[in-house]
Amino acid sequence: MTPDDIDVWVGLDVGKSAHHAHALDRDGDTLYDKPVRQDEKAIRSMLEHLSRRGRVLLVVDQPNTIGSLPLTVARDMGIAVAYLPGTAMRRTAQLLPGDAKTDRRDAHVIAWAALKLPETLRDAGSDDETLAALRMLAGHDEDLAHESTRHINRLRSLLLQTHPAFERVLKGERATRDATLALLERYGGPAGMKRAGIEDVKDWARSNGLRAGRIIDDMFKAIGEQTVTVPGTGMAETIIPAIARDIKAIKDRRREVGRQVEKLLGDHPLLTVPASMPGIGVRTASNIPLGIGGDIANFKSAAHLAAYAGIAPAAGQSGTSIKGERPSRRGNKRLRNALWQSSFVASTKHPPSIAYYKRKREQGKHHNAAVICLARRRCDVIYSMPKNGALYQEPALVA
């Protein structure tokens, strides 16, 4: 639906218990300016009233959570919907007189932007049940990831305080391996492992099917580097097992979320296609369609998609003194992160991507710039695959 097809622009500043609706006609005159309760009957009544004026476009500032019900009601009534990002909304507010921050003014800003600056609007997403479920799973997984990071940081802090050499042994992913967590849950830390002795620790690990021989050797080597006992060590080693159990539980929950996402991947073509590309795992494959908004047809070209993701360079020019390009600071964060992370993985695992990455580094580009160049190139493929309904195919080698 184009702006010429619209007669009424409705801006809805959404809230937990009530929204504020502001409607404008083609001339910018106010047709409606009232609070609306957060229930279907009130929302439907407001939209029915405005529909008597002609074709309606409903624009919200939050397409998910508290904005889901108004969008669903509008779609059920055959009314067009759209979404105004927060950054665009704040910049639009600066163009209008006044600096008050109220629900009423925010609703007016949304409606005015929809009427006067339609290019600032974004697709509010489809009512596809699979994508809605995927969005919830992605949000839950992000919460679990943050919770896991908090527990890991607390674990490292306790070890660093009581035994720095032992903490250094658990660098990188070593601290979150199942074998490491099982040992910490069993013995509490370096003091508990020292009391048990290396042979008993190895026997226990073998009897429980843990492949931790090298980690145990490194742990006991670090234990031998410290002869003093830091005050608070005893209490720390009563806390560490509980933290290790929590981290294991969070990992199990994230694995279950991954299985649920993988099941959804097999039921939706827009999810299956990106997952066929090297470097794109289950979680990345789910974030790409969520960042796109569920429909690749919203983008005119691969360049449009790259600009939306924020991986296309932004030109800078002022007379003859300043000319060049710089990395974009805008774009859809979820989509940009998914493209960057998958490209980073591909630059270390996928031979054609490795060759392209090395070529960019040889041209003088830094690591991040080379990965972004690779992401921009892969964006062309990601755009074309759903368009053609094809899975990823390795490019033919040129003689």
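Reply: Helix α11 passes α13 in a left-handed crossing. This is a predicted model, where local features need pLDDT of at least 70, side-chain atom pairs count only at pLDDT 80 or more, and totals for chains, interfaces and linings use all residues. Residues are numbered from 1 along each chain as its sequence is written, and side-chain values use heavy atoms, with hydrogens and water left out.

Me: What makes a crossing left-handed?

Reply: The near helix must be turned anticlockwise from the far one by less than a right angle; if clockwise, the crossing is right-handed. For α11 and α13, the crossing is left-handed.

Me: Why is α11 called oblique to α13?

Reply: The two pack at an angle of about 55°, with their axes 9 Å apart. Angles under 35 degrees count as roughly parallel, over 145 as roughly antiparallel, 65 to 115 as roughly perpendicular and the rest as oblique. An angle of about 55° belongs to the rest, so α11 is oblique to α13. The axes are lines fitted to C-alpha atoms, for helices over the stretch in contact, and angles run from 0 to 180 degrees between N-to-C directions.

Me: Which residues of α11 and α13 meet?

Reply: Arg254, Arg255, Gly258, Val261, Glu262 and Leu265 in α11 meet Val282, Arg283, Ala285 and Ser286 in α13. Contact means heavy atoms within 4.5 Å. By kind, the residues of this contact are four nonpolar, two polar and four charged.

Me: How do you know that Ile152 is buried?

Reply: Buried means under 20% relative accessible area, exposed over 50%, and partly exposed in between (1.4 Å probe, protein chains only). Ile152 has 17%, so it counts as buried. This residue is found in helix α5. Leaving aside neighbours within four places in sequence, Ile152 is in contact with Thr176 and Ile247. Ile152 and Thr176 are 24 residues apart in sequence, yet 7.7 Å apart in space, C-alpha to C-alpha.

Me: And why is Arg378 called buried?

Reply: Its relative accessibility is 5%, so Arg378 falls under the cut-off for buried. Arg378 has its place in helix α17. Beyond neighbours within four places in sequence, its contacts include Met277, Pro278 and Ser353.

Me: What makes a set of residues a nonpolar core?

Reply: Its members are buried Ala, Val, Leu, Ile, Met, Phe, Trp, Tyr and Cys residues, joined through side-chain atoms within 4.5 Å. The largest here has 34 residues, and Ile292 is one of those that touch the most other members.

Technical notes: Helices (H or I, at least four residues) and strands (E, at least two) are DSSP runs, numbered from the N terminus. Ala, Val, Leu, Ile, Met, Phe, Trp, Tyr, Cys and Pro count as nonpolar, Asp, Glu, Lys and Arg as charged, and the others, Gly among them, as polar.
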